[in-house]
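Here are a few notes to read alongside the model, starting with a group of side chains and moving on to a sheet.

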Amino acid sequence: MVPDIGRGSRTHGLLVYLYGPGRREEHTDAHLVGSWDGFAPDPGRDTSPAPAPKVTLARLAAALDLRVKQAGDRAPAKHVWHCSVRTAPGDRRLGDEEWNSVARRIVHATGIAPDGDPDGCRWIAVRHAEDHIHIVATLVRGDLRNPRLNYDFNKAQAECRRIEKEMGLRRLNAGDGTAAKNPTSAEKFKAERTGRPEASRETLREAVRQALAGADDEKEFFTRLREAGLRVKVRHAPSGDALGYNVALPGDRNRHGEPVWYPGSKLAPDLSLPKIRLRLADGTDERTTPSAAGGRTDWSPPARERRSATGIAERAAVLLDRGDDGEAAAQLVGVGELLDAVAQTSPADTRTELAAAARAFERATRSHIRAERADTRALRSAARGIVQAGSALGRGEDGGTTAMLVSTLVLVTLAAARWHSARGHAQQAHASRQAAAHLRRAYRQAAAAPMRALHDQGRALPEAQRRSLDATLRAVLPEHGLQADDVPTRTDALVATLAQAEQIGHDPEALLQQAINMRELDTAEDVNDVLVWRLRRIAQLSAHPGEAPRRPQAGTRQTKTSASRTSERNTSAATAHPAVSDPHSRPQRR
């Protein structure tokens, strides 16, 4: 059950809408299900010939506004309190008496009309659809004072959670006041009217997040906003210092022809300028050479940056499972930036799912746990590197490293879901799981071609080499369900990867053991896919199977490459926290 509260100043205009046909003829059988005294005139049940229903509606508006007229100048300018209450999809149909009970509980909980208070505000509840009602109240009490409506939305939400439990309705996740503001009904209808796919508020929120991903300083942030095509207005103090900023979409204007500006703080709580400055204060790591970004110099910049980001994301997953709340909360912010960076530079075939994952995870980056000034420079640097490297191709090394990184980001979002769940953050945990679902779909799209090529290569290996590598798998992975009959078909890609690693001087058994030790595999949905990408990263094998294997550059010929040493330093932490799951993990059975 979802409440949505707004304020207005036109009682009669709101009633005309509620009793009218609706913007898309969706209103049917509009009628009262409750009122302050149970005897309010109901235009929906007035069967007299026209214009009698209009007269009844005017009488209802006058009755609601009676005390507002009596209060005169003491009445608030926006004296109309409007709360829609909607059941969740799949809930049973409530009767009028049940909706009357819901309305009375909401006006009591919010302080509009407390039970037993003869001076409570006047209110009505209108039903014009099966799944929701509209509560309309005027904000002047019988003693001509204004009601106390502090935290009315939070109180309405809390009462809805109790109603769901008592009425046997679907129990939605409780909010904690850290979510971004949803578009208003007016904003949604304007988007429909102008042909936009979503409300301006949502488009601007995503654009600001993407501009912030990996930005080095305030100047770069504002430059990115303008380069994205947004209108930007910075508010300055007399000293010249920036106090805040507003953004608007080109062509989005109000009735007076003026741009519709949104302050950053109204897009999301963490997008105000002071909050952005705190994030920018951590800066980013400086990396001046391709090798510093991770990998061979012959790989494209997008591929190198994605490889580097994969190791950094693995470390973030470990930190989320350590239990240090302040540090973990900071990691979530950094992971959100990394997802925004990947989404805006991803290949076309995965862009939709990655953008949806970034949007979903945005909710998981905020809670009431204060993010400590932990060192998130590595995550912000990874995001910056990905943005600066530009868009990746959907094929070749770019496409393969996209699959490699997305595979690890599934792991990170699942770790975030566990972290939030353990702390009772229901909405954030749900958002993390939603992000993981989108990332899994993106992974299947990105990995389809490289995994298919690896399977073909595995089947084409000489029989003697194949038997030797199969024996290695049986020796190292006996507890992971790899049966002798399954190995030839299920592990083609894994065997092909081990063969390539052996070709450039690695010991297959030692390399495989190192990959296993990086993180547990008990909850992996597909052990083979997980190990393939781990092995290809730590051995610096190309993520594009069509490229011939090359020996690592000087200083990296040993099994323990620089990237693998970074991961190995996290092994003890991952082992100490076996709840860390693999990118394609399934819930453990209880």
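1. Phe221 and Phe222 are both buried (under 20% relative accessible area with a 1.4 Å probe, protein chains only; over 50% is exposed, and in between is partly exposed). The model is predicted, so to speak of local features a pLDDT of at least 70 is needed, side-chain atom pairs count only at pLDDT 80 or more, and totals for chains, interfaces and linings use all residues. Residues are numbered from 1 along each chain as its sequence is written, and side-chain values use heavy atoms, without hydrogens and water.

2. The rings of Phe222 and Tyr245 make an edge-to-face pair, because their centres are 5.8 Å apart and their planes stand at 70°. (Rings of Phe, Tyr and Trp, the last by its six-membered ring, pair with centres within 6.5 Å; planes under 30 degrees apart are stacked, over 60 edge-to-face, the rest tilted.) This pair links distant parts of the chain, 23 residues apart: Phe222 sits in helix α8 (residues 218-227) and Tyr245 in strand β7 (residues 242-248). Helices (H or I, at least four residues) and strands (E, at least two) are DSSP runs, numbered from the N terminus.

3. Tyr245 counts as buried because its relative accessibility is 1%, and Phe222 does at 8%. Together, Phe221, Phe222 and Tyr245 form one aromatic cluster.

4. Now for the sheet: five strands form an open, antiparallel arrangement in the order β1-β3-β5-β4-β2, where pairing takes at least two DSSP bridges between two strands. β1 (2-8) and β2 (31-35) are at the edges with a single partner strand each, so one side of each has no neighbour in the sheet.

5. Within this sheet, β3 (residues 80-86) and β5 (residues 132-138) pair antiparallel over seven bridges. Val85 has Ile133 of β5 as its bridge partner.
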